[in-house]
Amino acid sequence: MYVLCALDEIKNKTSKGFQTPIGSLFAVKKKGKIYLYANECPHMGVGLEWQPDQFLDSSKQLIQCAVHGAQFLIDSGQCIHGPCSGQKLRAVPFEINENDEIILRVSSR
Ligand code: FES
């Protein structure tokens, strides 16, 4: 089990990046719900953020890649605009534990 952070460390309409045993990930909170994805643009496999923990566009409605501007739906990771249109971010399974922390079910060796 690997703890990413407390649920309330991520505010609504914000995002947060993590370096984990299974690679670089990021979480977005929208309407109280967490979405977790691998931090790899389907276009060129690079990280999406334009500054640390900044993965959203200026409207806070979409995930946006800082490299060529691809935009993704927060709920599904589907790219709706940009060079990888139609492709998807890779969703990463997670759980919320009894302490309201976001956790990965991986061994942290
Ligand atoms: S690397 Fe993300 S849009 Fe090109």
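In which loop is Lys 31 found?

Analyst: Lys 31 is found in the loop between S3 and S4. The model is a predicted one, and what follows should be read as a description of that prediction.

The backbone at this position deserves attention. Lys 31 is not a glycine, yet its phi is positive, at about 50 degrees. Its relative accessibility is 78%. Because exposed means over 50% relative accessible area, Lys 31 counts as exposed at that value.

Strand S3 covers residues 23–30, and strand S4 covers residues 33–38. Lys 30, in strand S3, has a relative accessible area of 23% and is therefore classed as partly exposed.

Lys 30 also takes part in a salt bridge. Its side chain meets that of Asp 75, with a distance of 2.8 Å from N to O. This pair links distant parts of the chain, with Lys 30 in strand S3 and Asp 75 in the loop between strand S6 (71–73) and strand S7 (79–81), 45 residues apart. Asp 75 is likewise partly exposed, its relative accessible area being 43%.

Leaving aside residues up to four places away in sequence, Pro 42 touches Phe 72, Cys 84, Gln 87, Lys 88 and Leu 89. Pro 42 and Met 1 are 41 residues apart in sequence, and their C-alpha atoms are 27 Å apart in space. Gly 45 lies in the loop between S4 and S5 as well, and with a relative accessible area of 47% Gly 45 is partly exposed. From the C-alpha atom of Gly 45 to that of Leu 73, 28 residues away along the chain, the separation is 18 Å.

Glu 40 belongs to this loop too, and it supplies another salt bridge. The side chains of Glu 40 and Arg 90 meet at 3.6 Å, N to O. The two residues are 50 positions apart and link distant parts of the chain: Glu 40 sits in the loop between strand S4 and strand S5 (62–64), Arg 90 in the loop between S7 and strand S8 (95–96). Glu 40 is partly exposed, at 39% relative accessible area, and Arg 90 is also partly exposed, at 45%.

A further salt bridge joins the side chains of Arg 105 and Glu 95, at 3.0 Å from N to O. Arg 105 is in the segment after strand S9 (101–104) and Glu 95 is in strand S8, 10 residues apart. Arg 105 is exposed, with a relative accessible area of 57%, whereas Glu 95, at 34%, is partly exposed. A search of the whole structure finds three salt bridges.

The overall architecture gives the setting for these details. The protein has nine strands and zero helices. For 109 residues, a compact globule would have a radius of gyration near 13 Å, and the value for this protein is 13 Å, which agrees. The C-alpha trace spans about 40 × 30 × 25 Å along its principal axes. Of the 109 residues, 36% count as buried. Among contacts between residues at least 6 apart in sequence, 43% join residues at least 24 apart.

The accessible surface comes to about 6,100 Å², and 49% of it belongs to carbon and sulfur atoms. There are 12 positive and 11 negative side chains, and the centres of the two sets lie 5 Å apart.

To return to the part in question, Lys 31 is an exposed residue in the loop between S3 and S4, and it has a positive phi although it is not a glycine.

How values were computed. Residues numbered from 1 in each chain as written. Predicted model: local features only at pLDDT ≥ 70, side-chain atom pairs only at ≥ 80, totals over all residues. Heavy atoms only, no water. Helix = DSSP H or I, 4+ residues; strand = E, 2+ residues; numbered from the N terminus. Rg over C-alpha atoms; globule rule 2.2 N^0.38 Å. Buried < 20%, exposed > 50% of the residue type's maximum accessible area, 1.4 Å probe, protein only. Contact = heavy atoms within 4.5 Å. Areas by Shrake-Rupley, 256 points an atom, 1.4 Å probe, with all protein chains shown as cover. Lys, Arg positive; Asp, Glu negative; His and termini not counted. Charge placed at Lys NZ, Arg CZ, Asp CG, Glu CD. Salt bridge = Lys/Arg side-chain N within 4 Å of Asp/Glu carboxyl O.
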